[in-house]
Amino acid sequence: MTLSHSAHWGAFSADWADGELRVTPHPRDPDPSPVLHNVPAAVRNAVRVARPAVRRGWWEKGPGPTDRRGREDFVEVGWAEVLDRLAAELRRVHTDHGPTAVYGGSYGWASAGRFHHAQSQIHRFLGMAGGYTQSVNTYSGGAAEVLIPHVLGQFDAVTRSVVTWDQIAAHTDTVLAFGGMALKNSQIGPGGVSRHVERAAMVAARGRGAEFVLVSPLRPDLPPEVGARWLAPEPGTDAALMIGLAHTLMVEDLHDEAFLREHCAGWETYAAYLQGRDAVWAAEICGIPAEEIRALARRLARGRTLVTVSQSLQRAEHGEQPVWAGLALAAMLGQIGLPGGGFCYGLGSLGHYGRPRNAVPVPTFARRPNPVRSYIPVARVADMLLHPGEPFSYDGSRLTYPDVRLVYWCGGNPFHHHQDLARLQRALGRVDTFVVHESVWTATARHADVVLPATTTLEREDIGAGGTDPLVVAMKPVAEPFAEARDDHAIFAALAARLGFEERFTEGRTPREWLVRMWERTEKALADRGFPAPSFEEFWAAGEHELPPGPDDGGVLAALRTGAPLHTESGKVQLASEVIASFGYADCPGHPAWLPPSEPPSAEFPLWLVSNQPATRLHSQLDFGATSAAGKIDGREVMRIHPQDAEARGIADGAVVRLHNDRGACLAAARVTDEVRAGVVQLPTGAWYTPATETDPTCVHGNPNVLTRDVGSSRLAQGCTGQLTRVQVEAYRGSPPVVVAHRPPPLG
Ligand SMILES: Nc1nc2c(c(=O)[nH]1)N[C@H]1C(S)=C(S)[C@@H](COP(=O)(O)OP(=O)(O)OC[C@H]3O[C@@H](n4cnc5c(=O)[nH]c(N)nc54)[C@H](O)[C@@H]3O)O[C@H]1N2
Ligand SMILES: Nc1nc2c(c(=O)[nH]1)N[C@H]1C(S)=C(S)[C@@H](COP(=O)(O)OP(=O)(O)OC[C@H]3O[C@@H](n4cnc5c(=O)[nH]c(N)nc54)[C@H](O)[C@@H]3O)O[C@H]1N2
Ligand SMILES: [Mo]
């Protein structure tokens, strides 16, 4: 029997053939993701967590700070006894230290499926248990998520659906893509992407004569079909290039005075900053010749021009600046709010951008408010654990790190996503208890005290949906729960029973009853608007339902042109912000600016490492699957290096290399290619952190986060800065260690 299902990277159907799970992309997906082929490995892999497991020291000696996390064996225990112990520990921490001592930021992508969505479940549970310290913003867009509301308006409203792929296909003459719009990235959208439309839209624009300009250290950041002009400035210098382009527009009188006057605030301030920062100034910083910068500025001023800024640019120190300077550049061209023109942040970085919203809301599991007001910007987690009680700056406020004793994670992998993993390990050593729900033995699970085995989506029923994708999918179970794995919801319900609030947590509903209730909201919205509105039973039997699209009308940015104010301090696009200026942050002044990195490449560590998103998987998920494995060499992640840099180091294509800096080291397999800029090496994220030995933290598998630096983007946003760091690379001498990354720890 073929069953409908969905993942963040696409809708599919699954069936069993000769004992193997077979996955078939949705028939209406024009460009299905190869990541789908990682899915079959999930059902019965040896790396699955089979039974509740507890670090021996915690089980035998009780909670407390320790440097043994990640270095000790686990004991397998029964569900009832581990839930009893865990409930007692939660009660102890609440009683002795208060709810802010529980950190439930629990950042992570979890899986598609709106009811069993791990973060929704954990936040509901911890909120009902009395509250917790939470996290705000994301690793994805931390800098932009704080900046954009100051300078352009409400984040979702001015990013997701204002410029769409249909508009680009039909209207755009020039696409200037900072950080590119890599097809590897738009494979993915939270909740599911049933139709991958990006390639066809770009090809259609190209067919109409549109020109694509790629600004990126990596050529594959735009598909070869669009024949992009490739400019490769030094990483981290995009703001300087944008300022040089803006200067040229200004002095050659190519800017749109009327748009700047009517729809922008702060132009005089920015124009004063631009004085003297001409194309020659920019060329010296970014390495693109001044004449090329001037020619590009002139090209931008002709026809319909779209400036896009990928998320990667802001996942770096001073990451606010390229977003703001890109917006200012587009504002000077005067096309914000025109179809296929203006500015778009994040377009092409993810699959749910660039599409109109559905006409009706999709089924979701409503979040519950946290009764406690205690939070950190998400990427400051290690700072919080290492500096309890200390103050820090964030978006104009002075906040204090809480004193956290218990960390609870469900649906995320901090040993994948966080920077400077040695520091993270030290930080987690300070807490009394670290609890993780996982389906597989990730590095995070291996560093936990209590590991509770979770089912995967393949083992439960759910509804898959995303707000800008038309397809709602009935996700049907294709396998029995693995060993003793339970749904996160069931685990929290059992803990809630021990803590006296099971009835409030479940509201007396079975998971199926929750799905019906979630569907009913969408069904009613469909009926109210006069669209076909199947009942839950009809939807479930059909396996899917297609929602009607909302208007593709440019949203609030198009409305700006007709006089509707934006949600900013002046109601206009802010080319300078008095509010941000009033914070007095030298690392984020009151207008877009070029700020040099505080840790540039040096004689000792002369290369920029770009650690971007992997093409072969979503982050660390299903790293043991077929597509992910096929992208490696001898089980090791692949690092791209320019022939010039390889030759200078005696590195041959396919050879094992060692990347290192003053924070750590990892091994990788070299791919020598001129698709990467000289002076830059690229190693994607997601290979599971695999230390060489208990005392040597060198990752033999190729996880770049042993090298990245754990600092915030600026005091404004405190966003993740994992994308760029400096390293040295050398050929590995001797016989490289065999990579055994995907296996359980010793279990007693
Ligand atoms: N150096 C560097 N680091 C980065 C980035 C970068 O550019 N460079 N990018 C950052 C970005 S943008 C992001 S979004 C983060 C991503 O970081 P994460 O979102 O933490 O990464 P994932 O690998 O998706 O982790 C999800 C985990 O949840 C588990 N999981 C999936 N479904 C379920 C479920 O139903 N229940 C439970 N209990 N567990 C489940 C998976 O097995 C997996 O281990 O990484 C960030 N880290
Ligand atoms: N296949 C796959 N797709 C994904 C994900 C995944 O894990 N796998 N993760 C998803 C998530 S959670 C997110 S947030 C998005 C992230 O979306 P992005 O952050 O945009 O994605 P990245 O691949 O990290 O970076 C895009 C490109 O930016 C370029 N770049 C890096 N530094 C610079 C710079 O300083 N200047 C310029 N001009 N270019 C630079 C790199 O060459 C890189 O390939 O991706 C999403 N898509
Ligand atoms: Mo992300």
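Reader: Which atom of Gln613 lies 3.1 Å from an oxygen atom of ligand 2?

Author: A polar contact is a pair of N or O atoms within 3.5 Å; within protein, one must be able to donate a hydrogen and the other to accept it, and residues adjacent in sequence count only if both atoms are side-chain atoms. In this predicted model, a backbone N or O atom of Gln613 is 3.1 Å from an oxygen atom of ligand 2. Asn612 has a polar side-chain atom 2.9 Å from a ligand oxygen, and for a polar side-chain atom of Ser216 the distance to an oxygen of ligand 2 is 3.3 Å.

Reader: How much of the accessible area of ligand 2 does the protein cover?

Author: Accessible areas come from the Shrake-Rupley method with a 1.4 Å probe; for residues, only the protein chains shown count as cover. On its own, ligand 2 has 920 Å², and the protein covers 98% of that.

Reader: Which residues are closest to ligand 2?

Author: A residue is near a molecule or strand if one of its heavy atoms lies within 4 Å of it. Ligand 2 is surrounded by 32 residues, the closest being Lys184, Asp221, Asp238, Ser312 and His619. By class, this shell has 13 nonpolar, 14 polar and 5 charged residues. Here Ala, Val, Leu, Ile, Met, Phe, Trp, Tyr, Cys and Pro count as nonpolar, Asp, Glu, Lys and Arg as charged, and the others, Gly among them, as polar.

Reader: Which element gives the most to the shell around ligand 2?

Author: Helices (H or I, at least four residues) and strands (E, at least two) are DSSP runs, numbered from the N terminus. α14 gives the most to the shell around ligand 2, with 3 residues; α7 (183-186) and α14 (311-314) each supply at least two.

Reader: How do I read strand pairing?

Author: Strands of a sheet pair through backbone hydrogen bonds, either parallel or antiparallel. Two strands pair if DSSP finds at least two bridges between them. Strand β25 (residues 638-641) pairs with β27 (residues 664-672) in the parallel sense over 4 bridges, and Val638 stands opposite Ala669 in β27. With β28 (residues 680-682), β25 pairs in the antiparallel sense over 2 bridges; there Arg640 stands opposite Gln682.

Reader: What conventions apply throughout?

Author: Residues are numbered from 1 along each chain as its sequence is written, and chains are lettered from A and ligands numbered from 1 in the order in which they are written. In this predicted model local features need pLDDT of at least 70, side-chain atom pairs count only at pLDDT 80 or more, and totals for chains, interfaces and linings use all residues, while side-chain values use heavy atoms, with hydrogens and water left out.
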